[in-house]
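Open the model in your viewer and keep the sequence panel beside it. This tour moves from one selection to the next.

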Amino acid sequence: EPPSPEVLALMRASTERARELIDGVLAYARAGELQRERVALDSVMHEVAADLGPSLDGAGAALEVGELPEVEGDARQLRRLLQNLVGNAVKFRGEAPPRVEVSARAGHEGWVVTVRDNGIGVDPAHTSRIFGMFSRLSGETEGTGIGLAVCRRVVEAHGGRIWVEPADGGGSAFRFTLPASAAR
């Protein structure tokens, strides 16, 4: 007797989750492989905004992008990094429509890029844990717990560091550095 539609649906969902995990692990493994070139981060953000357009529109999200620098790095990996951070800002939103701001400033460590949101925020007790592989703070939201680990790996492969702080007025400010030696 063939399996019931409910069993088939569960099998499909399990298969999809396994595929997401495999894709996530592959993305993590590849995040350390860089093909350096001159990269305009504003162009990368334009692509990220286009890729995430349907989810931004569906959530009623506002995306504000400030002036971003040109850096020496891997455009594909930097795109993955920004896409994960902006996507998480929409995914972990609060009651208000999501507002995401992407900006950069020159700092003593080089460029400091910030992806700030008005979402649910990150408990300060978990700020270092969230960048670990398979780390998920809540079972309420779908995901594999790999996205921020990939972000950390991409940033570190570029010679920078990544961290999160509470944002003024609520939400989170994810910041990462790209060394001055890589900036142009």
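**Stop 1: Trp-163**

Select Trp-163 and show its surroundings. Leaving aside residues up to four places away in sequence, Trp-163 touches Val-112, Phe-131, Ala-173, Phe-174, Arg-175, Phe-176 and Thr-177. This is a predicted model. Where does Trp-163 sit? Its place is in strand S6.

Is Trp-163 buried or exposed? Its relative accessibility is 18%, and buried means under 20%, so Trp-163 counts as buried.

Trp-163 and Phe-174 are 11 residues apart in sequence, yet 5.9 Å apart in space, C-alpha to C-alpha. Then show the side chain of Glu-165. The side chains of Trp-163 and Glu-165 make a polar contact at 2.9 Å.

**Stop 2: the whole chain**

Zoom out and colour by secondary structure. The protein chain has five helices and seven strands. Follow them from the N terminus: the order is α-β-α-α-β-β-α-β-β-α-β-β.

The accessible surface comes to about 10100 Å², and carbon and sulfur atoms account for 51% of it. Of the 184 residues in the protein chain, 38% are buried.

**Stop 3: the five-stranded sheet**

Hide the surface and look for the open sheet. What is the order of its five strands? It is S2-S4-S5-S7-S6, with mixed pairing. S2 (62-65) and S6 (162-166) stand at the edges; each has a single partner strand, so one side of each is left without a neighbour in the sheet. From one strand to the next, the twist averages 20 degrees.

Strands of a sheet pair through backbone hydrogen bonds, either parallel or antiparallel. This sheet lets you see both senses. Select S2 and S4: they run parallel and are joined by four bridges. Ala-62 has Arg-99 in S4 as its bridge partner.

Next select S4 (residues 99-107) and S5 (residues 110-117). These two pair in the antiparallel sense, over eight bridges. Pick Ala-106, and look across to its bridge partner in S5, Trp-111. Gly-107 stands opposite Gly-110 in S5. The hairpin that joins S4 to S5 passes through two residues.

**Stop 4: helices on the sheet**

Which residues of H4 are buried? They are Gln-77, Leu-78, Leu-81, Leu-82, Leu-85, Val-86, Asn-88, Ala-89 and Val-90. An α-helix has 3.6 residues a turn, so residues three or four places apart point the same way. Turn the helix end-on to look for that pattern.

**Stop 5: Asp-74**

Move to the N-terminal end of H4 and select Asp-74. Asp-74 lies in the loop between S3 (70-73) and H4. With a relative accessible area of 3%, Asp-74 is buried. What does Asp-74 do at this end of H4? Asp-74 caps the helix: a side-chain oxygen lies 3.0 Å from the backbone nitrogen of Arg-76.

**Stop 6: S1 and S3**

S3 has a covered face, with Val-71 and Gly-73, and an uncovered one, with Glu-70 and Glu-72. Its partner here is S1 (residues 37-40): the two run antiparallel, joined by four bridges. Find Glu-37, which stands opposite Gly-73 in S3.

**Stop 7: H5**

Finish at H5 (residues 147-157). Its buried residues include Leu-148, Ala-149, Val-150, Cys-151, Val-154 and Val-155. After H5, select Gly-159: its phi is positive, near 85 degrees.

How values were computed. Residues are numbered from 1 along each chain as its sequence is written. This is a predicted model: local features need pLDDT of at least 70, side-chain atom pairs count only at pLDDT 80 or more; totals for chains, interfaces and linings use all residues. Side-chain values use heavy atoms; hydrogens and water are left out. Two strands pair if DSSP finds at least two bridges between them. Axes are lines fitted to C-alpha atoms, for helices over the stretch in contact, and angles run from 0 to 180 degrees between N-to-C directions. Buried means under 20% relative accessible area, exposed over 50%, partly exposed in between (1.4 Å probe, protein chains only). Accessible areas come from the Shrake-Rupley method with a 1.4 Å probe; for residues, only the protein chains shown count as cover. A polar contact is a pair of N or O atoms within 3.5 Å; within protein, one must be able to donate a hydrogen and the other to accept it, and residues adjacent in sequence count only if both atoms are side-chain atoms. Contact means heavy atoms within 4.5 Å.
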